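Hi everyone, thanks for coming. Please have a look at the structure on the screen, and then we'll walk through it together.

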Amino acid sequence: MTERITDKGAPFLEVQGLTRRFHGVVAVNEVSFQVQRGEIVGLIGPNGAGKTTTFNLISGRFPSNAGSVRLQGQLLTGLRPDQIAACGIARTFQGARVFPKLSVAANVEVGAMALQPLGLWADWLGGAQARAVQEQARQRSQEVLAWTGLAELAEETAGSLSYAHQSLLGIAIALALKPQLLLLDEPFAGMNTTETQRAANMVRRIRDAGITVVLVEHDVPSVMRICDRIVVLDQGSKIAEGTPQEVRAHERVIQAYLGVEDDA
């Protein structure tokens with residue numbers, strides 16, 4: 001992994017006026033925010049606020065109806081998910097999305113293979129190029145498994161892992177892509193207190209290794225502890241943005257999501 005880089009100059013990720021409609025329903029409504037290199041930024045809000053849809057728009061899974069996404073000034077709007085991934089963005093999904101019948105190591109190798117996808121004939125012929133790419137993927141898998149603490153589970157079947165370990169495996173698969181920006185969708189969901197703390201520590205380690213992080217999460221106390229800044233959505237629109245302390249005290253956020261401050 002790389003060393004931590006912090007840059008408070010030009011925005012690393014810039015989301016401007018992002019809008020998405022589904023059959024006339026506005027799921028994301030002119031959402032704008034910026035992320036600096038080296039930050040952990042949280043995206044929170046009630047169910048149906050548009051958080052995961054915003055992730056889907058940034059990562060290219062859904063096209064936007066309006067607005068733009070830029071990474072280090074490069075326009076990503078209109079690119080395919082694989083093209084956006086090649087620009088340095090990786091993401092996880094709600095729930096543990098792994099290949100349950102493959103080993104833990106093989107799951108991460110699949111992610112690493114996406115760095116250098118083989119042509120059909122090179123893969124089928126099993127030539128030198130294919131062998132070289134496969135060896136690089138194996139080495140990358142070993143590196144990521146060691147870094148995430150999953151090395152001892154490398155030969156276990158992914159489907160046999162606990163939910164917490166499957167979630168961590170999902171992060172490892174994303175890290176195998178060597179991202180500059182990691183989008184984490186509910187990384188603490190379904191975890192107990194101890195598992196959540198370990199996962200939160202992993203998020204900090206990822207940031208400290210030089211990877212900027214944006215996460216969607218309903219565990220508000222964890223978000224408040226690990227995030228540098230927080231963006232709050234409600235009914236598809238941004239209602240607040242600021243430090244955890246600023247967001248915690250924001251009247252609209254308390255009314256729409258947090259309730260009385262002591263409950264946060």
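Let's start with a question: how many bridges join β6 to β7, and do these strands run parallel or antiparallel? Three bridges join them, and the two strands run parallel. Before going on, a word about what you are looking at. This is a predicted model, where local features need pLDDT of at least 70 and side-chain atom pairs count only at pLDDT 80 or more, while totals for chains, interfaces and linings use all residues. Residues are numbered from 1 along each chain as its sequence is written, and side-chain values use heavy atoms, with hydrogens and water left out.

Back to the strands. Strands (E, at least two residues) and helices (H or I, at least four residues) are DSSP runs, numbered from the N terminus. Two strands pair if DSSP finds at least two bridges between them. If you look for Ile89, its bridge partner in β7 is Leu181.

Now the whole sheet. It is open, has six strands in the order β6-β7-β8-β3-β9-β10, and its pairing is mixed. At the edges sit β6 (89–91) and β10 (237–242), each of which pairs on one side only. On average, neighbouring strands of this sheet are turned by 15° against each other, direction ignored.

Helices pack here too. Helix α7 packs on the sheet, touching β3 (40–44), β7 and β8 (212–216), and its direction makes about 150° with that of β8. Helix α10 (residues 251–258) lies across β3, β9 (229–234) and β10, running at about 120° to β10. For these angles, axes are lines fitted to C-alpha atoms, for helices over the stretch in contact, and angles run from 0 to 180 degrees between N-to-C directions. Contact means heavy atoms within 4.5 Å.

Let's go inside. Buried means under 20% relative accessible area, exposed means over 50%, and partly exposed is in between (1.4 Å probe, protein chains only). A nonpolar core is a set of buried Ala, Val, Leu, Ile, Met, Phe, Trp, Tyr and Cys residues joined through side-chain atoms within 4.5 Å. The largest one here has 51 residues, and those with the most contacts inside it are Leu169, Leu182, Ile206 and Leu215. Helix α6 (residues 163–175) gives this core its largest share, eight residues. Apart from it lies another core, of 26 residues, among them Leu13, Val15, Ala49 and Leu183.

What does Leu169 touch, not counting residues up to four places away in sequence? The list is Val98, Val104, Asn107, Val108, Leu150, Ala158 and Leu161.

Some of those names come back in helix α3 (residues 104–113), whose buried residues are Val104, Ala105, Asn107, Val108, Gly111 and Ala112. They cover an arc of only 160° around the axis, so they lie on the same side of α3. That arc is taken from the directions from the helix axis to the C-beta atoms.

Is Thr54 buried or exposed? Its relative accessibility is 0%, so Thr54 counts as buried. Leaving aside neighbours within four places in sequence, Thr54 is in contact with Leu18, Val28, Phe33, Leu43 and Leu233.

Next, charges. Side chains of opposite charge can pair when their charged atoms come close. A salt bridge is a side-chain nitrogen of Lys or Arg within 4 Å of a carboxyl oxygen of Asp or Glu, and a search of the whole structure finds nine. In one of them, Glu143 and Arg140 have their closest N and O atoms 3.1 Å apart. These two are three residues apart in helix α5 (residues 128–148), which means they are separated by about one helical turn. Arg140 is buried, at 8%, whereas Glu143 is partly exposed, at 35%.

Lys238 forms a salt bridge with Glu241, at 2.8 Å between the closest N and O atoms. Through shared partners, salt bridges join Glu39, Arg229, Lys238 and Glu241 into one network.

Last stop: backbone angles. Glu30, in strand β2 (residues 25–35), has a phi near 50°, a positive value in a residue other than glycine. Glu186 has a positive phi as well, near 55°, and is found in the loop between β7 (181–185) and α7 (193–208). Glu30 counts as exposed, at 60% relative accessibility, whereas Glu186 counts as buried, at 18%.
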